[in-house]
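Take a moment with the model below. This report looks at its two ligand sites.

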Amino acid sequence: MKKIALLPLLLLLLSVFLTSCAQNEPVECEIFAMDTLMTVKIWGDERCLTQAVNEINRLDRTLSAVNENSEIFALNETGTAQLGEDTYALLSRAVELSKSTGGAFDPTVYPLVKLWGFPDGNYRVPDADALQSAVIGTEHVRFGGDTVTLDEGCMIDLGGIGKGYAAQCCIDLLAEQGVETAIVSLGGNVQTLGIKPNRSSWVVGIADPQEPSRAIATLVFQDSLAIVTSGSYQRYFELDGTTYHHIIDPETRYPADSGLASVTVLCDNGTTADAYSTALFVMGMEDGIEFWRREQDFEAVFITTDNRIFATEGAEDYLSECEFEVISR
Ligand code: ADP
Ligand code: MG
């Protein structure tokens, strides 16, 4: 009798053991969206993973300035459009962030980005008059109800914030589904959720701007965090010995030339982190440090064009495997 009763008990224990093992093993998916390779890895079931991937693809279709079926494309084509909830909210946030960064981050740079040939790869150095007469600035964007209207010539580009927003949406969605641990890596944007079941740290590399396939430093931490890097090495072209990259200084209308090769932002919100990384790259280190002292909601790692690394006081504890100088409050 006793022996027979033991068997179901053993089977039950075995299945509990196997289930807990399964939760300790992540499931992972790689996709190509927003013009970059992305990975989503979760400690949860396949269904949640699929939902997260669908969310990224949905946002890609909605926010892209080049996809002819996107809401942003329609807005840029016609100058006015009724936007879905996400797009409206993100564009409003982008305009807010443009103001708080003194215009260094500017979602209306699209006419400039187009003149430089970045969206279609038809790279060229634009005519100086064409650059100066392009209509840019968030004062050309008007919000009313759920409709956005742009002044003649004004066009929106959410490329400097879209991946960070998608990462944040993905993490929010996973958390809502009860997933406790996840990491999404969307191009230069990494965002983590929670602590790994085996308590090992998250380790995120910062690319060496001179040799991007190599890490120049690593960030090591335990919990939820968004880490976003903007670098001149991410997209550029060369003409007559000069390199022109994809982050435009709205003030000069030329690729930002601030002495930085990359900026990595650490922040608890992915959307903010993405806009800040672009903005800080444009500002350069001196103005960027002033901005950091004022805003108090992020930390940063600056890499200069001569490959020196500077970390804000709060980023110091995260950095390893490199030599760096600390920027104090
Ligand atoms: P990446 O997209 O390579 O991760 P960023 O987040 O810095 O890098 O975004 C750069 C993209 O944002 C550019 O490709 C362009 O579409 C757009 N952009 C360029 N300059 C600015 C700017 N000053 N403010 C906002 N968006 C910008
Ligand atoms: Mg950005």
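A polar contact is a pair of N or O atoms within 3.5 Å; within protein, one must be able to donate a hydrogen and the other to accept it, and residues adjacent in sequence count only if both atoms are side-chain atoms. The model is predicted, so local features need pLDDT of at least 70, side-chain atom pairs count only at pLDDT 80 or more, and totals for chains, interfaces and linings use all residues. Residues are numbered from 1 along each chain as its sequence is written, ligands are numbered from 1 in the order in which they are written, and side-chain values use heavy atoms, without hydrogens and water.

| Residue | Its atom | Atom of ligand 1 | Distance |
|---|---|---|---|
| Ala104 | polar backbone atom | nitrogen | 3.0 Å |
| Ser230 | side-chain N or O | oxygen | 2.6 Å |
| Thr278 | polar side-chain atom | oxygen | 2.8 Å |

The protein buries 92% of the 570 Å² that ligand 1 exposes when taken alone (Shrake-Rupley method, 1.4 Å probe). Around ligand 1 stand 17 residues, each with a heavy atom within 4 Å. Asp157 and His246 are among the closest.
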